[in-house]
Amino acid sequence: AQLMRALTAHFRPGSYDLIRKNCNSFSDCAIYYLLRKRLQSRFSALERLGQRASHELLQKFTQGSYVPNKAAEAYKVDDVLRAIDRHQE
């Protein structure tokens with residue numbers, strides 16, 4: 001229940017994004033909340049690329065199938081981790 005309270009505001013329904021904010025993003029934050037460790041980088045490589053890549057590059061990479069979710073546009077995992085730290089103080 002505490003985990004859900006800490007993360008719900010950051011992972012609202014409709015805010016999923018295949019590249020920028022996906023299940024690995026949630027897992028990274030949940031692991032950090034529970035263990036103060038981060039998801040291994042090999043599991044979050046796509047998210048890191050998605051945060052830095054242009055829309056055009058993402059379209060090339062996905063052969064035009066990627067549609068960004070505006071609700072995930074401002075998502076930054078570091079912001080969530082800072083919020084977790086504040087929540088657990």
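Is Cys 29 buried or exposed? At 0% relative accessibility, Cys 29 counts as buried, where buried means under 20% relative accessible area, exposed over 50% and partly exposed in between, with a 1.4 Å probe and protein chains only. The model is predicted, so local features need pLDDT of at least 70 and side-chain atom pairs count only at pLDDT 80 or more, whereas totals for chains, interfaces and linings use all residues. Residues are numbered from 1 along each chain as its sequence is written, and side-chain values use heavy atoms, with hydrogens and water left out.

**Nonpolar core**

- The largest nonpolar core has 11 residues in all: Ala 6, Leu 7, Phe 11, Cys 29, Ala 30, Tyr 32, Tyr 33, Tyr 75, Val 80, Leu 81 and Ile 84. Such a core is a set of buried Ala, Val, Leu, Ile, Met, Phe, Trp, Tyr and Cys residues joined through side-chain atoms within 4.5 Å.
- At least two residues of this core come from each of helix 1 (2–7), helix 2 (23–35) and helix 5 (77–87); helices (H or I, at least four residues) and strands (E, at least two) are DSSP runs, numbered from the N terminus.
- Helix 2 supplies the largest share of this core, 4 residues.
- Beyond its neighbours within four places in sequence, Tyr 33 is in contact with Gln 2, Leu 3, Ala 6, Ile 84, His 87 and Gln 88, contact meaning heavy atoms within 4.5 Å.

**Helix 5**

- Val 80, Leu 81, Ala 83 and Ile 84 are buried in helix 5.
- Seen down the axis of helix 5, these buried residues fall within an arc of 160°, so they line one face of the helix; the arc is that of the directions from the helix axis to the C-beta atoms.
- Helix 1 and helix 2 are among the elements that cover the buried residues of helix 5.

**Cysteines**

- A search of the whole structure finds 0 disulfides, a disulfide being a pair of cysteine sulfur atoms within 2.5 Å.
- Cys 23 is in no disulfide, and the nearest cysteine sulfur, that of Cys 29, is 12 Å away.
- Cys 23 counts as exposed because its relative accessibility is 51%.

**Ser 54**

- Ser 54 lies in the loop between helix 3 (45–52) and helix 4 (55–61).
- With a relative accessible area of 35%, Ser 54 is partly exposed.
- The side chain of Ser 54 reaches the backbone nitrogen of Leu 57 at 3.1 Å.
- Ser 54 and Gln 2 are 52 residues apart in sequence and 36 Å apart in space, C-alpha to C-alpha.

How values were computed: Polar contact = N/O pair within 3.5 Å; in protein donor to acceptor, adjacent residues only side chain to side chain.
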